[in-house]
Amino acid sequence: RPSSSNRVQAATAVGSMATEQKRHTIVLVQFDDSKESRSWTDYDGVPEALDGVCQLYEQNLKQVNPNLKSITYEISDIFGYIDSMGDLCCLVFNPQSNSYIPHNREWIKARVFEHFKSLVQQ
């Protein structure tokens, strides 16, 4: 049974996701150790950015498995992909401070998990 602090953290994470829906988000990615592999993409909100991270993984799967017509994967596979990247972070706009708040790959993985959970529950 989850402790009350875990339930509060989970509720806070879900609540903060709702407020992040329409906050401009920039995903910064470095695919490997090479600085030349750095790239970025911007999105209208956090959910779109999370979809973008998942699409990076799906594009990678298609490149590695070009002959497969369909590919299935689990959340742990995406987490492994995220962990294998040289670097990954999100900058989420905060209108109160008129600045971008940086978030690391652990934050991204937690949000991807919640994002997938919400899609399954729809």
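Which strand does H103 lie in? H103 belongs to β4, which covers residues 99-103; strands (E, at least two residues) and helices (H or I, at least four) are DSSP runs, numbered from the N terminus. The model here is predicted, so local features need pLDDT of at least 70 and side-chain atom pairs count only at pLDDT 80 or more, while totals for chains, interfaces and linings use all residues. Residues are numbered from 1 along each chain as its sequence is written, and side-chain values use heavy atoms, leaving out hydrogens and water.

Setting aside neighbours within four places in sequence, H103 is in contact with C89, C90, V92 and I108 (contact means heavy atoms within 4.5 Å).

I108 turns up again in the largest nonpolar core, a group of 21 residues in which V27, L88 and I108 touch the most other members. Such a core is a set of buried Ala, Val, Leu, Ile, Met, Phe, Trp, Tyr and Cys residues joined through side-chain atoms within 4.5 Å. Elements giving two or more residues to this core are β1 (25-30), α2 (46-64), α3 (75-84), β3 and α4 (105-121), with α2 supplying the largest share, eight residues. Beyond four places in sequence, L88 has contacts including V27, V53, I82 and I108.

P95 sits in the loop between β3 (87-94) and β4. At 46% relative accessibility, P95 is partly exposed.

Key:
Buried < 20%, exposed > 50% of the residue type's maximum accessible area, 1.4 Å probe, protein only.
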